Amino acid sequence: MGDSVDRHVAEWSKELAWMDPVKEAIFVRLAVLARHASQARREVLDADGLAYGHFKVLLKLRRLGPPYESSPSRLADELGLTRGALSARLAAVEEAGLIVRTHETGDRRRVRVRLTATGHAAFEAHAASEAEGEHALLAALSAAEQRTLADLLRKLVAAAEADLPPASPGQ
């Protein structure tokens with residue numbers, strides 16, 4: 001069973017004798033899947049009424065584990081944002097009732113950002129919706145094929161990460 005990439009490779013193979021058709025097929029398929037996943041993620045965010053940047057705040061807080069809170073400076077570092085950009089983002093997320101900012105007892109200068117029950121529910125609902133789409137895409141592969149693909153991609157990612165300088169925390 002062929003796909004659009006087979007046609008792409010066949011057409012370019014006629015034009016570019018030096019092109020490695022296997023490499024081309026791999027990278028074009030990775031690009032197609034990345035675009036598909038990105039579009040599906042945007043559609044789920046839109047359906048859930050979440051902006052991508054707002055979801056990233058929920059994601060970072062949720063990843064920290066209970067009590068799902070952080071200092072604004074740590075969040076800014078994790079998200080790769082300036083303190084000012086984070087403050088603007090937090091204001092919108094707080095207005096939506098997804099987080100709350102509180103002052104530490106005894107030191108009003110120290111602020112904590114905490115995921116609310118509404119924010120936790122929004123994160124869970126969105127993550128479940130996103131997982132459904134990912135599961136549907138991967139359903140084309142058997143469980144063994146999925147494990148093999150995960151292992152092969154791990155090998156490529158490890159090689160790519162070994163050749164690159166460390167990414168900033170927000171990437």
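The following is a short exchange about a predicted model of one chain.

Colleague: How many helices and how many strands are in the chain, and in what order do the elements run?

Modeller: From the N terminus on, the order is α-α-α-β-α-α-β-β-α-α. That gives 7 helices and 3 strands.

Colleague: Is the chain compact or spread out, and what is its radius of gyration?

Modeller: Along the principal axes, the C-alpha atoms fill a box of roughly 70 × 35 × 30 Å. For 171 residues the globule rule gives 16 Å. The chain is well over that, so it is more spread out than a compact globule, with a radius of gyration of 21 Å.

Colleague: Which residues does the cis peptide bond join?

Modeller: The place of P67 is in the loop between α3 (52–63) and β1 (69–70). Omega of the cis bond is about 5 degrees. The bond joins P66 and P67.

Colleague: Is Y68 buried or exposed?

Modeller: Y68 also sits in the loop between α3 and β1. Its phi is near 55 degrees, a positive value in a residue other than glycine. The relative accessible area of Y68 is 17%, and the cut-off for buried is under 20%, so Y68 is buried.

Colleague: How far apart do the centres of the positive and negative side chains lie?

Modeller: The chain has 23 positive and 24 negative side chains. The distance between the centres of the two sets is 6 Å.

Technical notes: Residues numbered from 1 in each chain as written. Predicted model: local features only at pLDDT ≥ 70, side-chain atom pairs only at ≥ 80, totals over all residues. Heavy atoms only, no water. Helix = DSSP H or I, 4+ residues; strand = E, 2+ residues; numbered from the N terminus. Rg over C-alpha atoms; globule rule 2.2 N^0.38 Å. Lys, Arg positive; Asp, Glu negative; His and termini not counted. Charge placed at Lys NZ, Arg CZ, Asp CG, Glu CD. Buried < 20%, exposed > 50% of the residue type's maximum accessible area, 1.4 Å probe, protein only.
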